[in-house]
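Hi everyone, thanks for coming.

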Amino acid sequence: MASVVAALSLEQETHLLKLLPEPAQLHLLYKGSNHGFHMHTLRSKFDKEGRFVVIVYFKSGDVKGGYLCKSSDESEDQDAFAFEINHQEVTHFPVLDDSKATHFSTSMSNGRLKFGKCLKLYTENRSICVKSWDMMYHQGRQEPRYLDVELYRVGKRGSLRKNLVSFKPACRSINRVRVLLMGPAGSGKSSFINSVRSVMFGRVLLLPFIGTATKGFIKKRGGKPTALTLCDVLALGDGERTGLTLTDALTVIKGYDKYQKTWFQSDAPIKAETPGYRPDPSINDQIHCAVFVLNACQIMSTSEDLTETLRTLQAEIADLDIPQVVLLTHVDKVCHAVQNDVKFVYTSRILQEKMQKAAEVVGLPVSYVLPVKNYSSELSVSCNTDILLLSAVHHILQAVDDTYEENHPPTPADEL
């Protein structure tokens, strides 16, 4: 059976996450087109307590919904809000009266969920109907005015860790998702890997760094058992004469380097005669996502040569139908608000400019840029920093699932 795929795009999710009071990750609990358009089914997917997002998708392309912090019948919820995502614009409708913020009826025959006077979901003819602030939408026998309804749980740190441990690729041909981190010296590739491992272990790990110079080798980092392998590689240089070359990068991505411990030399690229060369790599030998790691402190002064290297890599990888994202590290070093608390990462104007620049340097949309704060001088882990790191990992894994489910449909053997 195919997995349930969320209708929320990466760009829309990025917009929505900016409205939340702190860094978080969304987990799909209910999808009307899969679970049925019934209020009692939607209601059954709510936990007793928690934070949730309800989203309605319309034929126009508009996305409307609401956020609530508790699923009980109580109506008072000062953190609740309604929202609308229309193309590139996001409209936020805050609570004006806490006592009338949300209302959830548990009636099986006439259940309803409403966010003030902005958005209401209710039952009519045994199906969910939607009343918005501008008009009413029905999902009946005639062509529906809305396409789907989804419910997400806003994840906390503990559940995010569990989800990573339990993650299995949607493409059954893939045993483990292999992610390659590429970036210039000092970008934070090794630090990101160590930070993710710190999150999983619940304490800051002090592990040896690699890739801090333009001479080095690729190395895989593990930790608690997961279906994710993060691969570190030597730094990119300015052009083909220093650092990782385009040829060697593509050789690793395509899975030709068997041992993945080859010392890279710009004047001696990997060839078929190189020891450890794999002539016929399988899908599990290949890299499933390419991640460009860039330093927010240095992004505005990125050299033309490095920019050309990154854009050339991005174009070549795009031809391979491999998903790509950008990790923007050291975000706490460029904004005092974020330094005090990373929950301000999506509201900082300074950081938004850095993210836009990172997107331009690599040649990807800004929605593909994921801001993170690595652990460096800290002695203990932080909840919001952990959530930000886990959210980045979630986006990477989601990009892999979206790409490979579309390009590598399951075979009859996979369905067994």
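Let me start with a cut-off: I call a residue buried when its relative accessible area is under 20%, exposed when that value is over 50%, and partly exposed in between. Please also keep in mind that this is a predicted model.

With that cut-off, take E150: its relative accessibility is 0%, so E150 counts as buried. Which residue pairs with E150 in a salt bridge? That partner is K31, and the closest N and O atoms of the two are 2.9 Å apart. K31 is buried as well, at 8% relative accessible area. Now look at where they sit: K31 belongs to strand β1, residues 25-31, while E150 belongs to strand β11, residues 146-155, so this pair ties together parts 119 residues apart in sequence. D148 joins in too, making a salt-bridge network with K31 and E150.

How many salt bridges does the structure hold? The total is 5, so let me show you another couple of them.

Next up, R161 and D386, whose side chains meet with an N to O distance of 4.0 Å. Here R161 comes from helix α4 (residues 157-166) and D386 from helix α10 (residues 383-407), which puts the partners 225 residues apart. D386 is buried at 0% relative accessible area, whereas R161 is partly exposed at 24%.

Finally, K373 and E378 form a salt bridge with their closest N and O atoms 2.4 Å apart. In this pair, K373 is buried at 7% relative accessibility, and E378 is partly exposed at 22%.

How values were computed:
Residues are numbered from 1 along each chain as its sequence is written. This is a predicted model: local features need pLDDT of at least 70, side-chain atom pairs count only at pLDDT 80 or more; totals for chains, interfaces and linings use all residues. Side-chain values use heavy atoms; hydrogens and water are left out. Helices (H or I, at least four residues) and strands (E, at least two) are DSSP runs, numbered from the N terminus. Buried means under 20% relative accessible area, exposed over 50%, partly exposed in between (1.4 Å probe, protein chains only).
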